[in-house]
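I opened this notebook to keep track of what I looked up, entry by entry, and in what order. The structure comes first, and my entries follow.

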Amino acid sequence: MAPHPDDGPHDRPAPHPDVSVHSRTPMAGGTYNTVHLLTHTGGTETVLKTEPPAERPRLTYEHRLLHTEARVYALARPLLGGLVPEPLHLDPVPGEPDRHRLLVTRLPGAPMEGVRAGLAPGGVAAVRRALGRAVAALHTLTGPAFGYPGRPALTAATWPDAFAAMAGALLDDAGRHGVALPWDPDRVRGLVRDHRHLLAAVRTPVLVHFDLWDGNILVDGAPEAPVLGGIIDAERAFWGDPVAELASLALFGDIREDAAFAQGYREAGGELEFTPDLLRRLALYRVYLYLVMYVEPATRGVPDEEAGRLRAYLRPHLEEAFARVSQAPAG
């Protein structure tokens, strides 16, 4: 069984974020941490992620996320090498003991979100196949309990109990931050409760990145022959059902259409058969992921109009996922 991803900071010698920095450039894309590209004397580049101030509102699971991210990379590098960043330093922000920062190596390439349209079709398939192999490797890492490693209250000895705690905390967050959900929260609680038998089939807590949309998948090389540059932003990882990974891998689409990913995943030893029960579990995880996206603007300072547009977009996807969970009778 692999070590817990919150076993403590991963620290090693320089470069350090306080020394030998030639330039510091803000990086776009994150909505929780502040991210900067650091260029050090001599040309080395690193990425510095800094937590928001301790007093800023956040969701219940958003606790010690950088500790989780650092430990995930430390666990994954023996399997994936340079496809995940190397954690260099994890320490408190000077003068703010409850706020942390994480320095990691910079990986090559650009987010797939911005370059996918310019890649050759065969190139997209090659990257997705390599991604499938990488994700299968991640899913060989197992933990001591289910749930979010940085939040003991959101962990449990069984997956049904852990997932119920995770979903319940999110629903409580919605109420605490004044977010009106598309349905009564008790309907969501009932959905989770009525399908515990599906979740109970998961007996081993597997490392789930849970944020593998195209923005966190790096593509390197020429457009006609791209390669997988790496996987980043693992702070939202938890120990759970590997099927949950598919929710972000096909964020608003159908993972069954990603034949290249499935091929790579199976080639590397991952089991992936789209049975009715698997698809219903996946739909349940999509409900959870979309609800995270629905609630979190309230803690990000997102303008009301922008948050309203996002939630309007999410509602039909939530309804579809909710319906898919309930397609077969609950046991």
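**Hairpin**

I began with the hairpin of β10 and β11, which has six residues between the strands, and noted that Gly 221 there takes a positive phi near 90°. The model is a predicted one, in which local features need pLDDT of at least 70 and side-chain atom pairs count only at pLDDT 80 or more, while totals for chains, interfaces and linings use all residues. Residues are numbered from 1 along each chain as its sequence is written, and side-chain values use heavy atoms, with hydrogens and water left out.

Strand β10 (residues 217–220) pairs with β11 in the antiparallel sense over four bridges, where pairing requires that DSSP find at least two bridges between the strands. I take helices (H or I, at least four residues) and strands (E, at least two) as DSSP runs, numbered from the N terminus. Ile 217 stands opposite Ile 231 in β11. Strand β11 (residues 227–231) is largely enclosed by the rest of the structure, because four of its five residues are buried; buried means under 20% relative accessible area, exposed over 50%, and partly exposed in between, with a 1.4 Å probe and protein chains only.

**Core**

Which residues touch the most other members of the largest nonpolar core? I found Trp 159, Phe 163, Leu 246 and Tyr 288, out of 96 residues in that core, a core being a set of buried Ala, Val, Leu, Ile, Met, Phe, Trp, Tyr and Cys residues joined through side-chain atoms within 4.5 Å. Helix α9 (residues 276–295) contributes the largest share of this core, 14 residues.

Leaving aside neighbours within four places in sequence, I listed the contacts (heavy atoms within 4.5 Å) of Leu 246, among them Ile 255, Phe 261 and Leu 282.

**Rings**

A search of the whole structure gave me 14 aromatic pairs, with rings of Phe, Tyr and Trp (its six-membered ring) paired if their centres lie within 6.5 Å, and planes under 30 degrees apart counted as stacked, over 60 as edge-to-face and the rest as tilted. Phe 261 and Tyr 265 form a stacked pair, at 5.8 Å centre to centre and 25° between the planes. These two residues are four apart in helix α8 (residues 259–267), so about one helical turn separates Phe 261 from Tyr 265. Phe 261 counts as buried at 1% relative accessibility, and Tyr 265 counts as buried at 7%.
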